[in-house]
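Subject: Structure for your review

Dear colleague,

Please find below the structure that I am handing over to you, followed by an account of what was found in it. I would be grateful if you read the two side by side.

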Amino acid sequence: MEYPEFRGKTVFISGGSAGVGYRMAEMLAGQGCNIALTGRTAEKGEQAVARLQAAGADAVFYTADGGDYDACKSAIDRAEKRFGAIDALLSAGAEGRVGPRIFADMSPEDLQNSFNDRIFPRIYPVHAAIPALRRSKGAVVMITTDAARHVTTGESVIGATGAAIMLMTKGIARELSRDQVRVNAIAMTLTSDTPSWDRIFSRDDLGTKVFSKALDRFPSGRAPNVDEVAQVALFLASDAASQVTGQTISVNGGLSFGGW
């Protein structure tokens, strides 16, 4: 689908050097967007930007860990100065050090790391970008997990952090509505063509067992892929979703229904 309003606009993507963040960058570049990416690894980020530039996009990369607020703020300020505005922000990077694990088996350090890794890298870029988004009357899309709605064995803490992002989506959207800034989220399930897919199925642990069983339960016979998630993100950032804010859309292939 074409979104002509994106042409010449700037999208900032935190955690955009791989996965759904990078796929959205490719799609937005194809719509004529300027792209600013961040990530923790300079080499990977520079490779991502090189591919975007080869396709004709005006793209830059800034090394920044989403869990480092000052680094996020610096990257956002540099991107706004470079392009003149930030019209949308996709907060996609929040890889956790601790995967699915039985709650009783988690150490206090595991618990703390899980919340630190999965919440702050998601919300720091959003908070740091608020002044720029107020100026542009922009849009925010955060990526979270469908485990917040349909928690499975080993995902109690993962689901809890995802639920925090869903509730913050509602709260931040309400607060920023007076500034005409929209805030939405996408809840992902097991998704193919992503780095997490490769990690999950390269190991033999609880997460692999849980997700292997889930693969057999998708009504369509397969898991969603990264393109299908990125298309929803593109819609939420576009003018087509001008009356959509405070919402979390699950891209779960019908694996589960209901929830909040």
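In this predicted model, helix 1 (residues 19-30) lies across strand 1, strand 2, strand 4 (88-91), strand 5 (139-145) and strand 6 (182-188). The helix runs at about 170° to strand 1. Helix 4 (residues 108-136) lies across strand 1, strand 4 and strand 5, and its direction is at about 170° to strand 4.

These strands belong to an open sheet of seven strands, in the order 3-2-1-4-5-6-7, with parallel pairing. Its edges are formed by strand 3 (59-63) and strand 7 (248-251), each of which pairs on one side only. On average, neighbouring strands of the sheet are turned by 20° against each other, direction ignored. In general, the strands of a sheet pair through backbone hydrogen bonds. Here, strand 1 (residues 10-14) and strand 2 (residues 34-39) run parallel and are joined by five bridges. Ser14 stands opposite Thr38 in strand 2.

Which residues have the most contacts inside the largest nonpolar core? They are Leu28, Ile35, Leu37, Leu52 and Ile186, in a core of 36 residues. Helix 8 (residues 226-237) gives the most to this core, with eight residues. A second, separate core has 28 residues, including Phe83, Val126, Ile130 and Ala132.

To take one residue in detail, Leu52 is in contact with several residues beyond its neighbours within four places in sequence, among them Tyr22, Ala25, Ile35 and Leu37.

Yours sincerely,
A colleague

Key:
Residues numbered from 1 in each chain as written. Predicted model: local features only at pLDDT ≥ 70, side-chain atom pairs only at ≥ 80, totals over all residues. Heavy atoms only, no water. Core = buried A, V, L, I, M, F, W, Y, C linked by side-chain atoms within 4.5 Å. Buried < 20%, exposed > 50% of the residue type's maximum accessible area, 1.4 Å probe, protein only. Helix = DSSP H or I, 4+ residues; strand = E, 2+ residues; numbered from the N terminus. Contact = heavy atoms within 4.5 Å. Pairing = 2+ DSSP bridges. Axes fitted to C-alpha atoms, helices over the stretch in contact; angles between N-to-C directions.
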